[in-house]
Amino acid sequence: MIFIPLWYNRCTLTPLSAIMHQPMNLLRHIFQFAILVGILTACGSTRPPEPTPTATPSPTATATPRPTPTVTPVPLCPAPGQAAKWVAPDQFDGYPEAIRAYLAQGGTAANLLTILRNASSINEKWGGVSSIDLTGDGEPEIVVSIFDPFTTDQAAGPSGQLLVYGCAPQQQIELLYANQAPKGQLLPSVLQSGDLIGAPHGTQLAVVSSSCGANTCFEKLEVLGWNGVALANLLAEPLDLPSAQYQMIQTDADSALEIQAQRGLQDSIGAGPQRTEKQLWKWNGAQYVKVKSDWSPVEYRIHAVYEADDAFAAGDYAKATDWYTRVLTDDNLKDWLTEIGYANAHDRDTLQAYARFRLLLIGLLRGDANAGDQFDQLTKLYPEGSPVHLTQQMAQAFWNKYQETKDLKTACAVANDYANSSDNGQYLIVDDLNLFGYTNRSYTSDDMCPIK
């Protein structure tokens with residue numbers, strides 16, 4: 001049994017000295033001291049908590065910003081090398097690779113120009129070496145124009161090559177464009193270079209290539225620009241004209257230049273009568289497109305027919321009537337077959353009979369009361385025995401069917417069938433219309449009466 005001393009009262013302790021002065025033996029004192037220690041431990045949790053010390057915040061340190069490392073751009077092109085070695089090719093066709101290998105060693109455009117001059121492939125009149133940034137990457141491309149020294153006796157000028165080299169990753173050199181004129185043809189030339197289209201980056205090359213036949217040279221124009229992958233022609237369609245002249249001109253307020261193209265004549269009797277033409281091509285933001293075409297004045301009757309046919313096809317019957325009427329009445333128009341002394345030439349009758357048939361169609365399309373007058377004139381002017389009597393017979397077949405059906409499409413089908421009939425000499429009507437040389441149009445039987 002444990003004795004709880006009377007001096008314990010709600011953890012209020014009697015002083016130890018008072019206890020020790022009580023008359024008790026030593027063992028009892030020791031026993032009570034042990035109990036005292038336990039009581040003190042149990043009552044310790046009733047003491048009020050000591051305040052938690054508050055730490056004073058340290059002032060925030062301002063970090064000094066570290067400088068952003070500057071990245072040194074890695075050049076695409078090989079570094080210029082004084083030790084670049086030129087290895088002359090055995091044949092002229094080997095120049096593209098020989099030049100590429102030289103530039104890949106760090107050969108410079110200036111040194112290359114000297115090398116090619118010494119090789120007699122560049123002189124004061126033909127060829128050259130230039131630098132221009134076509135890709136917009138800040139590294140200039142090298143444009144090389146060289147001629148074959150063994151072709152300098154050609155009448156039109158020497159043959160040659162136009163080459164464009166550019167830098168590639170890992171400081172390589174690539175041939176980006178090659179245009180080689182074979183022997184007998186004139187080397188390609190740069191018409192103009194620079195920012196031709198108002199692009200934010202990169203520049204362009206306008207290149208002219210010639211191809212000459214026995215009598216006429218054709219000139220082809222390309223405007224080369226970088227499309228992100230390769231040098232591409234920026235024209236919407238080929239521009240290749242006989243005896244042509246090209247200019248890059250400024251005709252409006254935008255920054256892009258326009259192309260002015262002048263078509264010349266083909267110097268061959270087989271080409272037939274011709275008209276010159278001036279074209280205007282404009283940059284539309286993606287490519288060059290032809291926006292205007294001005295032809296020289298009509299001198300030959302066949303070209304008056306073409307003007308009338310174009311107006312008819314466009315539904316401009318008033319304009320078509322004016323031109324078909326001029327075919328009938330304008331004695332100042334030239335008749336080409338007669339002019340060149342063609343055997344049995346009757347081109348005036350051929351074209352006037354055709355014009356009257358077309359006027360008959362227009363009269364019916366417009367509901368003219370006198371539409372039949374043209375048919376009557378065809379019957380009167382081109383009876384049997386006339387060289388163009390078949391045109392009158394075609395008109396007769398058409399007229400009969402129209403009177404029967406009052407349907408122009410059905411009557412036209414009959415007329416075209418007659419023009420294609422082997423019973424009357426297949427294609428004889430269109431053959432007469434197709435005698436005006438290879439630069440002019442070719443008709444088929446379905447062109448006679450085109451109302452479908």
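**Close-up views of a predicted model**

**View 1. The contact between helices H3 and H4.** In this predicted model, Tyr-95, Ile-99, Tyr-102 and Leu-103 of H3 meet a set of residues from H4 that consists of Asn-111, Leu-112, Ile-115 and Leu-116. Sorted by class, the residues of this contact between H3 and H4 comprise seven nonpolar and one polar, with no charged residues. Two packed helices are described by the angle between their axes and the distance between the axes. For helix H3 (residues 95-104) and helix H4 (residues 109-118), that angle is about 145 degrees and the axes lie 11 Å apart, and the crossing in which H3 passes H4 is right-handed.

**View 2. Helix H6 and its buried residues.** Buried residues of H6 are Ala-320, Thr-321, Trp-323, Tyr-324, Val-327 and Leu-328. The partners against which the buried residues of H6 pack are helix H5 (301-313) and H8.

**View 3. Thr-350 in helix H8.** Helix H8, which runs over residues 347-366, contains Thr-350. The relative accessible area of Thr-350 is 6%, and because buried means under 20%, this residue counts as buried. When its neighbours within four places in sequence are left aside, Thr-350 is in contact with Val-388, Asp-432 and Leu-433.

View 4. Ser-120 belongs to the loop between H4 and strand E1 (128-132). Although Ser-120 is not a glycine, its phi is positive, at about 60 degrees.

**View 5. Ser-243 in the loop between strands E9 and E10.** The loop that joins strand E9 (239-242) and strand E10 (245-249) holds Ser-243. Ser-243 likewise is not a glycine, yet has a positive phi, here of about 45 degrees. With a relative accessible area of 35%, Ser-243 is partly exposed.

Definitions and conventions. Residues are numbered from 1 along each chain as its sequence is written. This is a predicted model: local features need pLDDT of at least 70, side-chain atom pairs count only at pLDDT 80 or more; totals for chains, interfaces and linings use all residues. Side-chain values use heavy atoms; hydrogens and water are left out. Helices (H or I, at least four residues) and strands (E, at least two) are DSSP runs, numbered from the N terminus. Buried means under 20% relative accessible area, exposed over 50%, partly exposed in between (1.4 Å probe, protein chains only). Contact means heavy atoms within 4.5 Å. Axes are lines fitted to C-alpha atoms, for helices over the stretch in contact, and angles run from 0 to 180 degrees between N-to-C directions. A crossing is left-handed if the near helix is turned anticlockwise from the far one by less than a right angle, and right-handed if clockwise. Ala, Val, Leu, Ile, Met, Phe, Trp, Tyr, Cys and Pro count as nonpolar, Asp, Glu, Lys and Arg as charged, and the others, Gly among them, as polar.
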